[in-house]
Every structure is written in structure tokens, then in C-alpha cells.
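Biologist: I have a model open and want to learn how to read it. Could you take me through a few features, one by one?

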Amino acid sequence: MSHVSIQVGNRADVHYLLRIADACLILSQRLGEWCGHAPILEEDLALSNMALDLVGQARGLLTRAGQLDGQGFDEDQLAFLRDERQYFNPVLMELPNSADGAGRQPGDFALTQLRNFGVATWLQLLWAALEESRDVEVAAIAAKAVKEARYHQQHAADWVVRLGDGTADSSARMQAALVVLWPYFNELFVDDEVSTAAAAQGLGPTWGDLKSDWQAQMDEVLADAQLKPPKPSAYVPAGRLGIHSEHLGHLLAEMQYLQRAYPGGKW
Amino acid sequence: MSHVSIQVGNRADVHYLLRIADACLILSQRLGEWCGHAPILEEDLALSNMALDLVGQARGLLTRAGQLDGQGFDEDQLAFLRDERQYFNPVLMELPNSADGAGRQPGDFALTQLRNFGVATWLQLLWAALEESRDVEVAAIAAKAVKEARYHQQHAADWVVRLGDGTADSSARMQAALVVLWPYFNELFVDDEVSTAAAAQGLGPTWGDLKSDWQAQMDEVLADAQLKPPKPSAYVPAGRLGIHSEHLGHLLAEMQYLQRAYPGGKW
Amino acid sequence: ARKEAAFEARIAAGDFIEAKDWMPEHYRKTLVRQISQHAHSEIVGMLPEGNWISRAPTLKRKAILLAKVQDEGGHGLYLYAAAETLGTSRDQMLDALHSGKAKYSSIFNYPTLTWADIGVIGWLVDGAAIMNQVPLCRCSFAPYARAMIRVCREESFHQRQGYESLLVMMRDGTEAQKAMVQDAVNRWWWPSLMMFGPADKDSSNSEQSMRWGIKRISNDDLRQKFVDATIPQAEVLGVTVPDADLKWNAETGQYDFGAIDWAEFWRVVGGDGPCNRERLATRVKAWDDGAWVREAALAHAKKQATRAQAA
Amino acid sequence: ARKEAAFEARIAAGDFIEAKDWMPEHYRKTLVRQISQHAHSEIVGMLPEGNWISRAPTLKRKAILLAKVQDEGGHGLYLYAAAETLGTSRDQMLDALHSGKAKYSSIFNYPTLTWADIGVIGWLVDGAAIMNQVPLCRCSFAPYARAMIRVCREESFHQRQGYESLLVMMRDGTEAQKAMVQDAVNRWWWPSLMMFGPADKDSSNSEQSMRWGIKRISNDDLRQKFVDATIPQAEVLGVTVPDADLKWNAETGQYDFGAIDWAEFWRVVGGDGPCNRERLATRVKAWDDGAWVREAALAHAKKQATRAQAA
């Protein structure tokens, strides 16, 4: 495998799939940071397990995106050899595990679980819709992934409720995490030509299609957790256009290091 | 500039100089992390300034080491294209700015100043000795650097005393930092064939030559700071042999990223 | 009122006001607001650049960046000092920053995504800052004017360094590097134009400031000057700016340029930019986490004073 | 004493002891110490491997590593559960770990410096662990024996995966990769041999444990078995082990090998290894930083219980 940076083409279906694949990949990277640092051993397991499921989902979609892109890129080239501006995950996924951006480990468990809940709720709806994709490979990936996402959603929901309706301290931490993450959720549902084209060709739903169900499930759990949704924010991140936060570059420097430093390596 | 990893040869003089150059380079990298995160603006300036001085010292020595190595490596190839096991700084320099290894920013100011004091005391003695080096290039670098190191030492000593003899809290933090760093200071003074060869050829002092002066200056400031030297530790790190802590790899992944990701780039 | 008239006369005569001189309360407040905002911008501005210190691609570029960020901290220091001559304290000013009452330049609410951003910030952002600041060297309040003379000299140096680093990449770099530079220009161009503030017709504070000699040239005039100075530099560099409406107007001898997205401007100024929350949170965290250090320094100084008295 | 005699008779007859059965206090204590130490090793062992999750070189390797580390956490879970059948609690055991009273395997006080370390840990460290643990599948205490059967099955899988990843690098990799593998073997070889514990003549706990059927094979015998099994694998791989004295002994049908640096062994066991302080500090920090989470979970469970009662 060469080590030189690659660039994907402009096909809407490729970008649509990469937006999902990168969401899984980058969140997986963040969750892996918890390994060995969680508040209880069961969560070391659960967070690693979720990271593992997300890597699996990313692999399937990256492979499929590479096929559609037609330049012969495999999952690893796509995962490790793009430049930052060619990653298309929503910014939400790349935010550090703690709100103030400081501290790789252990991070803020409240923010981690709340993000997991928001993302798993979104992915669970998305995978369910993708099961109907005209692209049979995507549909097959979705059929497996939807079960994983349901489990992730349930697990994270339990924590959101437990912490939101736990002690005064835990509730305050959850509410603070909600304020931090709220504007980043915006990005999940913003449509553009990529998602409308995908919908038109039967590849998958528009992002906007998932919004009302997501909102309903979110509202229900936040209510159970006694958390108040903050006021809407006018900030809409543009990670799906490759415009990220300052955090992604640091994450990629680590993630890509071996591929970059050992050109031609076999692993 | 090519992007493939390089390896220096086995000349003792090259290794001797790289051990010093890498010490400056890696500590500079750590100090740069404080920029914008210090407890007072004056320290944002002071820590950046010290980082800058250390980069300058590293550049001079890397260039000289590259000449002696004779493979045509320049300062940037040596700084950015070696693999981890080819960096020869004492482990002390690569430790994160906070004792528990977590949290890039802002880090532990007590540990940062105590390390700065220990290192500047060592460098100030080392540069003074290197002014007498038979290698005129090294002597010239040392003549400039010794003034910088004296200033760094004084500045850090002021903080060690201020914090050690400040509040009960600051004193406890300094004492905790001292316990953490103590075993890592060991490595500064361990001789082997590299340093004895350097001394024999008049390149510079053995590491052990500097120990008693270092200890005396350290003891004096620790006494002023009302800090108690911990019991000696039997652990002797071996960073100078390229055996590092788990922290250096992460630091290098960031530091080398652009050189690795943009092969052939001109900067 | 007699004092006020005398003051106005001095201003009208082009006199400089010193800190010890009498001045109207509103003049004082306007200056404190502007100087502290400027100081805050310098220290918040250390963050987007500081983000690349660990990843600078060569040791020379790392040294230049460290020196630059240090200069910015230095600007912060003497701007705070200039504001202090007006009877406020650095702690009060920082308090206003941390509580969200005081502003800093909105440009720093954009992220630095690639190394080319560092060069482009030097070229465009420092370039726009200089354009704004050069007239301040003739500001009616002398301590501010003196500080600005030093700031402008250093900023010009930074601007040239930023431009030079881009030139190296565009002339001698790889295709990937050139693309990186163009991408950075695309992202920073419009925010740089916004640095001159709202259009003159929407600028509330400008008129009084002009009359008092705090501000010497209007926002729109400065913006036009900036565009006219910068486009030829872009051409030398071999980059384009992301404005389809940009063209040379032979009649006016200036560049016409497209409409600024004022909705974005007000959104980011209002708190909903990409990095607003994080920049402030970072500064607050640095301050809060450093409280024990400041307390210890004070405690030690007191102990020393007591010992000196006892001796 | 009659109970003790009956117990000894059961052990002698090769019977398995269940948690509900009577057992001598010293037998119970020995098992709690050994099983909890084993559990602690699993969770501390997640750290050196976890260190490479973010940098795994391919997605497949990342997935394998995540799965492996997760398995180790799982081993920790059911080993803690096995120890709990002996009347201790997980919190008590963790307390002993965090306060430094309980030990964990000293091998995890060495750092993982390169990616090849991950493969070598799978091959040598898991290999040595399996050699130690297979006899424990016949341990006289049944819950521990059952746990070890599952642990050994998964460890064998990890060992093969580790070896396979090294094989790929040695067969198909670049020179730089091959050098990385050899370097990792050089660093992990001796610490792996130390995993079998002190030489039999210096092993204080062994004799009683052998008699009770907790331990079935001596340290030195296990170490020899490990060397004999591993050297042929090294040859297939194309790496050497850093032991000038290693050679095949046709007479004994075993490999003779060089002297172990017991001073290093005792130094690292005694706390002065490269990572001792950090490993423990990391675990303590994770536990302390997570206190609020555990408290919240408890508080929520109580609220739920109260509500259920009220309903």
C-alpha cells in the first residue's frame, strides 16, 4: 500500500457513504480512548465493544465507497490516507471525550454517553432506512448494523437516564454536556445535494428524513433523564463538507501515523 | 526532502550530540503545549520563549550531528524522520506536562517548573563545559546557549521556591511533582561508552562529571523551597539508548505528521 | 463643561492626550473597551496558532511560530498596560472577557485546519489587522498610540513571514501543498474582510470615535484599502480569492468586490461561530486551573515581605 | 481438624472443591490472592495494549486489538466473580490493588514502544500466560478451574493472532518492519521468561500450592516448556532471541538458556520498573474520576426502587 495521500472523486453516492463511514470510524476512534480508563470495568467492555462494532460498520461502508469511487481504494487507504479536508464525518464525532477539549483520558463520561446516545439513535434510524437501499451491499451492511445500533442506543439511553436522574452532581454534568453537544447535533440533519441525490437514486434517506423520529426518541429519553433541551443554536458545523474542528487533525495524526511512517508496509 | 525514515550511524560523537539535541527538542515540544494555557500571561511568554531557545539549541546540535554522521542528514531530517527508537533524549523530557499522563492542556504547572529547573540546571552546567569543547562548532553553540540556560534556570528556580514555599496546596503539588520526577533525574548522570568516548576525545564532559554540581544547586533550591528530596529510586530510564516511555510515540505522531503526510514538501 | 470644551479643542488641534490628563468619561470608557478588546484578541489569537506549534513542519517554521505567538502575548501585555493607565486592572479586564461581557476579534472563532492556515493568518489576518491598526498609531490617546507603533512594527514582520511561507509552498511545493494553500485562502478570505467591522452605514460606535480621533478611517474605506493591497499579492502568490464578483474597476482605480455575508458576521459575533464556545472555555479553564499558582505566588510574596521586615 | 483432614483427603483424591464446600482459611486466602492478582493483571494489561488502539495500522488490526482488549476485560470480570465466591468483593479487591497491597503481573510494567510490541505481547506474553494457566484448568478449586478453561481458550486465540501478525510483517513486510519486530522480541524476551516467577529454589509460596493442587507444575519446569515451545516458532518467524547462551541440548532434548537477570526481576516486582508508578496511577485515576458515575448509578437505582415501591 502506497503512503501518498489520496483524494476521492465527486460522486454523490461515494460522499453519502463516506459521511456515514467516517462518522463510525471517527467515533470509534474516540471510544477506543476509554479503554482501560472507564469508571467501571463493565464500561471498559461496553465502550470497546461499541468501538469495535463501529469499526466494523466503517469497514463495510469504506469498502463499498471505494468500489463506487472506482479508483481502486480499499478500506485502509480510505481510512488512513486521506487528508483532513477529505474526511466527511459530522464534527460531533471528532469532539474530544471531554467538553473542554483537554485530557485524552479518561474524559467526561457524561458527554461520552450523551453523544453515544445521540449518535446511536441517529444510526439506528439510518441503518433501518438503509436496509431498504437499492444498493444490496449497503442493505446487507445495514441489516447487521441496525441490531448493533439498537443495542448501543439502549445502553447509552440507560446511562443518560441514570446520570441525568442520579445525583445533583451527575445531573449537572449531563446538563452541561447537553449544552456543549446541542449545536453539533444540528449537523446530523442538514441536507444538501449529496443527500438529496442519494435519496433520489434510492441509495438511502435524506438526512432530514430522520429528524422527527430522532427528535422524538431524544425528547423521550431526555425527559426520563430530567434534562432540559437547550435553546437552539444558529451554528451548523460543516464536517460533512470537510470543514472540521481543530480536534480532527490531532486525532488523524495519531490514527494515520504508522501508515505514513512505514510506506509500503504489510500489516 | 524525502519522507522515508532515516537511521543514524553508530559514532559515539553523533550519539553524544543527539542525546543533547533531542533533550532540547523534546522538552521544547512539551513546553510549546503550554502556549495560551498558562496561569498568567507572563508565563505564556516565558514558556514559549524557553521552547524557542530550546529549538534553537536543538537546531545547532542536530546540524552538527548530521555533519559528523556523514550521511547528509539536515536538522529537519534528523528532527522529523527518525523512528521512535532512534531518539536519544532522556525520558524525563518526554513526560507529559502533568504527572498522571492525562490532559495535554494546561498540564501541571508545578511539574513543568520543577522539570524546567532540573533540566536548565543540567543544561547550564553542560553548556558551560561544552564551551571548552574541541569541536569549535559545538563550543560556539554552547557559548550562546549557556546564557539562555542560566536565564531558564533562574526563572524556574524562582517558581520552584515560590510554589514550594507558597500555600499548603502549592507546596503539596510541588512535593508530588518531585516524587514523580525524581527517578527520571537519575538518567541525566549515567555514563556509558558514548559519554566516556566523548570525554576522551575532548568533545564534552561525561554525564557523571556534572552530577555533584547539579546536586548541589538542586539541593539549595529545594531547601529554599522547603521541599524534601524523596528516597533514591532504583529505576534508571534508558531514553538515551532509545528505550522510551509510552508518551514519546504520541508526541512524535504529532510532531512528524506533516513531514510524513506531505512527502517531498517544501516549507 | 469647561474641561470638556478644552478637551475637545485639544482633540480638534490634533493634540495627544496622556493618561494623567483630564478626559470625558465616555472617551475613557470607549478607550478601555477598545484597548482591552484588542488585548483580549491578542491572547485569544494565541490559541488558533498555538494549535500548530506541535505540528510545525520544520524547525525553522516552529521557531518562527513560537516567536510569533510570543509576540502576540507581548502585545497583549502592553495593551493591558496601556488600558491600565485609564484606571482599570488586568484582572477586571480578564473578568469581563471570561464572563462574556468583553469581546475579542471574531476572526479567532474560526479554526486553523491545516498548516497553510498559519501562513494565511499571517498574510490576511495580520494584514487586515495592520490595516486597522496603522491609523491607531495616530490615535488621540498617546499611550495607545505608542503601543500601536510597536504592535504594528511586529505585525508587519509577521505578515511578511506568513506571506513568505506561502510563497515557498506555492513556488517550490508539491501539488498537495498548493491545494492546501488555496483551500486556506478560500476559508479565510471572507472572514478577513469582516475584520473591518460592519459597513459604515451599520456601524454605531464609529462616528463618535472618529470625532475623538480614536478612529481615523472608516470601516469600508479600510476594507477597500485592504482588498486593493491584497489582490496583487494573491496574484504574485498564484492563488485566487473566492469571490466571483471581484474585478478591477479602472474608473475608480480600485477593486470592486462581492457582497459580504453579514448574516454570518453577526452570527459569529453573536456567539454561534465554529469556535466561540471553545475559545472562551479554553481561556477560562487556563485561568481557573491556574488560580492555585497565582495564590501561591501571592502567599510567597507576603511571606518574603514579612521576613524582610523581621530581618 | 477433622474437617481439615477430610479436605486434605479430597485434594489428595483429586476432587474439586466448590465455593460452598468447607476449606481451610489459608487455602481460601491463597486462592483469593492468586485469583484477584490474576484479575488485576487482566485489567492492568489492558493499558499497554490500549496504548496502541488509536494507532493500529489497519482497520482489521484495530478490530482485532479492540476485541482482544475487550476479552481481557472479560477475563477480569469473571476472575473477579470467581474470587467473589470465596467471600470477598470486587471493591475490596480493587481497593487492595489501588493501595498497592495487591500485585499484578510485573510484565505490564514494561512499555509498548512500537506496534510490533502488540504482536510480540500476543506471541510471547500471552504464550507464557497460557503455559502458566493451562495447569490451572485442573486447579483444585472448581470455579477458578472453570474460569481458566475459558480464559485459556481465548488466550490461545490471542496468541495465534499475535504470532500471525508478526508473520505477516516478517514475510511480506519492509526492512523497517522486520527490524521493528526483532527489536520488540529483544525487549520482551527476558521479561517473558520472568513471567514464570522466581527459580524454584527461591519460590516461597509454591510448595504449599503444589500440595493443595492450586499449582500443578513448578516455575522452572514451566519456563523450560515455554522456551522449548517458543524457539522453533522464532525460527519459523525468522527472529532471534537475545540470548547468546541459548542452544539445543541433544542430551536433555531441551534448550539450554542463559541466566535470568533476577536483580531486574526483583527491582521491577518491587516497584522500580519503567511503568509501575504510571500503571497504578492510571488505574487509580480512572477509579477516582469515575466515583461520581458509580454514585449516580447507585442513587438512580435507589430512586427507581423507591418509585417501584410507591407504585
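Biologist: Start with one residue. Which residues is D:Lys68 in contact with, leaving aside its neighbours within four places in sequence?

Modeller: This is a predicted model, so keep that in mind throughout. D:Lys68 is in contact with D:Glu49, D:Ile121, D:Gly122, D:Asp126 and D:His158. The residue itself lies in helix 3 of chain D.

Biologist: Which side chain makes a polar contact with that of D:Lys68?

Modeller: The side chain of D:Asp126 does, at 2.8 Å.

Biologist: Is D:Lys68 buried or exposed?

Modeller: Compare its relative accessibility with the cut-off. Buried means under 20%. D:Lys68 is at 6%, so it counts as buried.

Biologist: How far apart are D:Lys68 and D:Gln161, in sequence and in space?

Modeller: They are 93 residues apart in sequence, yet 9.5 Å apart in space, C-alpha to C-alpha.

Biologist: Now the interfaces. How is the size of an interface often given?

Modeller: As the accessible area lost when the parts come together. Take chain D and chain A: the buried area is about 4200 Å². Carbon and sulfur atoms give 68% of it. On the chain D side, D:Leu59, D:Gln70 and D:Trp292 supply 19% of the buried area, more than any other three residues.

Biologist: How many residues of chain D and of chain A are in contact there?

Modeller: 51 residues of chain D are in contact with 52 residues of chain A.

Biologist: And the charged pairs? How many salt bridges are there between chain D and chain A?

Modeller: Three. In one of them, A:Asp165 pairs with D:Arg307, with the closest N and O atoms 2.9 Å apart.

Biologist: Which helix gives the largest share of the side of chain D that touches chain A?

Modeller: Helix 3 of chain D, with 14 residues. Other helices of chain D that supply at least two residues include helix 2 (25–50), helix 6 (142–172) and helix 12 (291–310). By class, that side has 26 nonpolar, twelve polar and 13 charged residues.

Biologist: Let me try chain A and chain C. What is the area buried between them?

Modeller: About 1600 Å², with carbon and sulfur atoms giving 48%. In chain A, A:Arg85, A:Tyr235 and A:Glu246 lose the most area to chain C, together 37% of what that side buries. The contact involves 17 residues of chain A and 19 residues of chain C.

Biologist: Which residue forms a salt bridge with A:Glu246?

Modeller: C:Arg279 does, with the closest N and O atoms 2.7 Å apart. The count between chain A and chain C is two salt bridges. There are also eight residue pairs in polar contact, both residues being at pLDDT 80 or more. Helix 10 of chain A supplies three residues of the side that touches chain C, the largest share. That side divides into seven nonpolar, six polar and four charged residues.

Biologist: Last topic, cores. What do nonpolar side chains tend to do in soluble globular proteins?

Modeller: They tend to be buried together. Here the largest nonpolar core has 368 residues. A:Trp122, A:Trp127, B:Trp122 and B:Trp127 touch the most other members.

Biologist: Which residues does B:Trp127 touch, not counting residues up to four places away in sequence?

Modeller: Among them are B:Ile20, B:Cys24, B:Leu61, B:Ile141 and B:Val146. B:Gln57 is also one of the residues touched by B:Trp127.

Technical notes:
Residues numbered from 1 in each chain as written. Chains lettered and ligands numbered in written order. Predicted model: local features only at pLDDT ≥ 70, side-chain atom pairs only at ≥ 80, totals over all residues. Heavy atoms only, no water. Contact = heavy atoms within 4.5 Å. Buried area = accessible area lost by both parts, 1.4 Å probe. Salt bridge = Lys/Arg side-chain N within 4 Å of Asp/Glu carboxyl O. Polar contact = N/O pair within 3.5 Å; in protein donor to acceptor, adjacent residues only side chain to side chain. Helix = DSSP H or I, 4+ residues; strand = E, 2+ residues; numbered from the N terminus. Nonpolar A, V, L, I, M, F, W, Y, C, P; charged D, E, K, R; others polar. Buried < 20%, exposed > 50% of the residue type's maximum accessible area, 1.4 Å probe, protein only. Core = buried A, V, L, I, M, F, W, Y, C linked by side-chain atoms within 4.5 Å.
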